[in-house]
Amino acid sequence: MRSLLLAACAHFLLAQSLFAGTAIIPTTTLAAETGNNTSTANSFSTQSNGNLGASNVSKAPISSLLYPGATTKIYAHFMPWFGANGHMDIGYKSADPAQVKAQVSDMLSRGISGMIVDWYGPGSYEDSTTQYVKPEAESRGGNFEFAVMEDAGAVRNCTDCTSTVIGQLTYIYNTYEGSPAYMRWNGNPVVFFFGVEDLTVDWNAVRAGVPGSPIFIFQNSGSFTRIQSGGGFAWIQPGNVTSTDPIAASYLDNFYSVAQQQPGELAFGAGYKGFDDTLAGWSANRHMDQQCGQTWLESMKEIGKYYSSSKQLPLIQLVTWNDYEEGTELESGIDNCVSINASISGSGLNWNISGNENTIDHYTVFISADGQNLMPLGDYPAGTSSLDLSQFGLAAGTYQLYVKAVGKASMLNHTSSAAAFTSTAAIATPSTPAAPTTRADFSVAASQSSVVIGSGRSAGLTINLTPQGSFNGNVGLACSGLPAGATCNFSPASVALNNAALPVNVTISTALAQSHNPFNSSSLNAVFYAVTFPAFGTVFLGLGQMLRRNRKVLVVSLAIIMVLLVCGCGAGTMGKTSSTTPTSAAAGTYAMTIVATSGSLQHSTTLTLQVQ
């Protein structure tokens with residue numbers, strides 16, 4: 001009886017495979033594709049200052065908005081004070097490890113490498129939040145960093161501001177800078193200042209009195225020539241907005257121009273969506289209109305006027321991740337003012353949008369048998385407006401089709417209402433299900449999250465490039481974030497990627513080239529061989545005769561030759577050695593990023609490089 005049942009089941013499954021159409025195998029839901037996918041509180045509602053409520057936003061990498069081939073590391077300015085008195089209720093408390101975890105995950109999902117925390121001194125509520133940020137960043141395997149920005153609010157009431165700053169920076173050193181996740185540049189921790197430069201502070205005394213040799217980063221283009229400054233960061237300037245300059249591009253132009261005149265200084269560019277402080281308790285009624293996402297796109301595009309793949313902007317700070325009170329937050333996304341409609345005509349799915357399509361990254365088409373559980377049919381580039389459904393060989397039945405307009409990085413996604421499609425296909429012969437199509441892309445992943453290397457030595461690792469969808473193209477590779485004296489080489493340097501994943505060997509060296517020495521080992525070897533090889537020739541010419549006359553002589557001769565060869569190979573160690581010691585990278589922990597670029601596509605992976 002049991003055998004009969006098994007046979008019946010097998011017959012039923014065979015019949016299903018022979019006479020069924022494309023299987024609808026859901027991988028997501030309508031709720032997931034339209035619901036909140038950010039770290040914004042689910043209870044948060046859209047505000048009158050332009051902040052979106054909890055939304056479904058694009059997770060396209062923010063680096064896709066930069067110039068082609070950009071290796072720029074992206075950080076978000078982070079406000080850690082919500083839940084404390086004096087700040088609006090946005091549905092979460094900043095000093096909550098679960099909320100910090102959600103925010104770090106959200107940032108990483110958008111291609112953000114770390115956060116710069118607006119800090120108000122030891123023992124403050126903001127300090128409590130930062131102490132949750134530290135272990136969370138450390139838990140991300142070298143893929144996320146944090147840094148502290150000392151706000152003027154931490155020292156505003158000081159009587160001896162120099163001593164106060166020294167005390168607070170010493171606290172930052174003892175509490176945060178020892179973390180492997182703390183932001184460093186060439187081995188030195190980076191500390192930012194917001195408004196502190198306007199106070200009476202002796203920065204030479206601060207430099208002398210603070211441990212750890214931190215790099216000081218101040219605001220605006222004037223920071224590049226300040227005493228003890230190591231660089232500057234740009235910031236949003238609503239006060240500079242005019243009718244002909246709605247995003248204050250002139251400010252950015254000045255910042256980037258001055259930054260390029262100081263190549264030895266660190267430059268943090270800026271990207272922002274807009275500004276509106278009308279809901280803040282300290283409102284000055286300042287505005288920079290979001291222009292339905294155009295301000296965001298244009299502020300990022302401005303960087304490309306000054307930097308390129310051959311002249312990289314090393315770092316950028318997003319202004320801001322979560323300042324809800326001044327209307328700059330990116331956490332809940334950016335409204336691109338788009339809507340989308342879909343309809344069926346015969347076997348064709350058609351869609352159209354209202355609004356600016358330059359805010360759309362791509363379209364994703366979903367199919368569903370029940371209107372709730374969805375399977376993607378594929379991703380289609382912006383500019384596409386129809387899809388022939390007959391190519392999928394759908395079995396007879398009625399389906400619901402949805403088109404999702406996926407916004408450019410951090411912009412609002414929009415999903416159409418369901419469009420009903422009835423397939424009348426009579427499936428009489430076996431059919432091959434149409435494979436879901438995916439957008440042509442690729443990914444990059446490292447074989448390990450960290451590399452430990454001795455000073456003046458080399459180490460290797462492997463990265464894997466994996467094509468996705470119908471990707472077929474050349475992928476170029478580069479490294480950033482290496483300390484001075486370190487190099488990174490790929491084998492091969494450029495990869496033709498198409499049907500299968502390919503490994504690439506990476507060699508990291510922490511030693512610079514040795515200076516020329518006329519008495520180095522290779523020179524001595526050359527002299528040795530020039531002198532001894534004629535003798536070797538004479539010996540070998542007589543081998544035939546010796547072989548016939550005396551085998552013992554032959555053995556002794558060969559032994560002498562081997563001794564001479566060994567001495568020759570070791571001539572460099574026996575002779576005079578180089579008088580110049582190779583210069584190598586300084587010991588420390590660095591965030592090294594490997595960037596893979598193909599046309600407008602760019603992906604990266606970040607590792608921890610520890611030089612001992």
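The largest nonpolar core of this predicted model has 85 residues, and those with the most contacts inside it are Phe 192, Phe 268 and Trp 296. A nonpolar core is here a set of buried Ala, Val, Leu, Ile, Met, Phe, Trp, Tyr and Cys residues joined through side-chain atoms within 4.5 Å; buried means under 20% relative accessible area, exposed over 50% and partly exposed in between (1.4 Å probe, protein chains only). Helix H5 supplies the largest share of this core, six residues. Helices (H or I, at least four residues) and strands (E, at least two) are DSSP runs, numbered from the N terminus. Another core, of 28 residues, lies apart from the largest one and includes Ile 463, Phe 471, Leu 497 and Val 611.

Residues are numbered from 1 along each chain as its sequence is written. Local features need pLDDT of at least 70 and side-chain atom pairs count only at pLDDT 80 or more, while totals for chains, interfaces and linings use all residues; side-chain values use heavy atoms, with hydrogens and water left out.

When neighbours within four places in sequence are set aside, the contacts of Phe 192 (heavy atoms within 4.5 Å) include Ile 116, Met 183, Ile 217, Phe 233 and Phe 268. Phe 192 also belongs to an aromatic cluster with Tyr 75, Phe 194, Phe 233, Trp 235 and Phe 268.

Rings of Phe, Tyr and Trp (its six-membered ring) pair if their centres lie within 6.5 Å; planes under 30 degrees apart count as stacked, over 60 as edge-to-face and the rest as tilted. By this rule there are 23 aromatic pairs. Tyr 171 and Tyr 176 form an edge-to-face pair, because their ring centres are 6.4 Å apart and their planes stand at 80°. Tyr 171 is partly exposed, with a relative accessible area of 23%, whereas Tyr 176 is buried at 0%. The rings of Phe 193 and Phe 218, with centres 5.0 Å apart and planes at 20°, are stacked. Phe 193 lies in strand E6 (residues 188–194) and Phe 218 in strand E7 (residues 215–219), so this pair ties together parts 25 residues apart in sequence. Both Phe 193 and Phe 218 are buried.

Helix H4 (residues 125–138) packs against helix H5 (residues 161–177) at an angle of about 35°, with the axes 11 Å apart. Axes are lines fitted to C-alpha atoms, for helices over the stretch in contact, and angles run from 0 to 180 degrees between N-to-C directions. Asp 127, Thr 130, Gln 131 and Lys 134 of H4 meet Tyr 171, Thr 175 and Tyr 176 of H5 in this contact.
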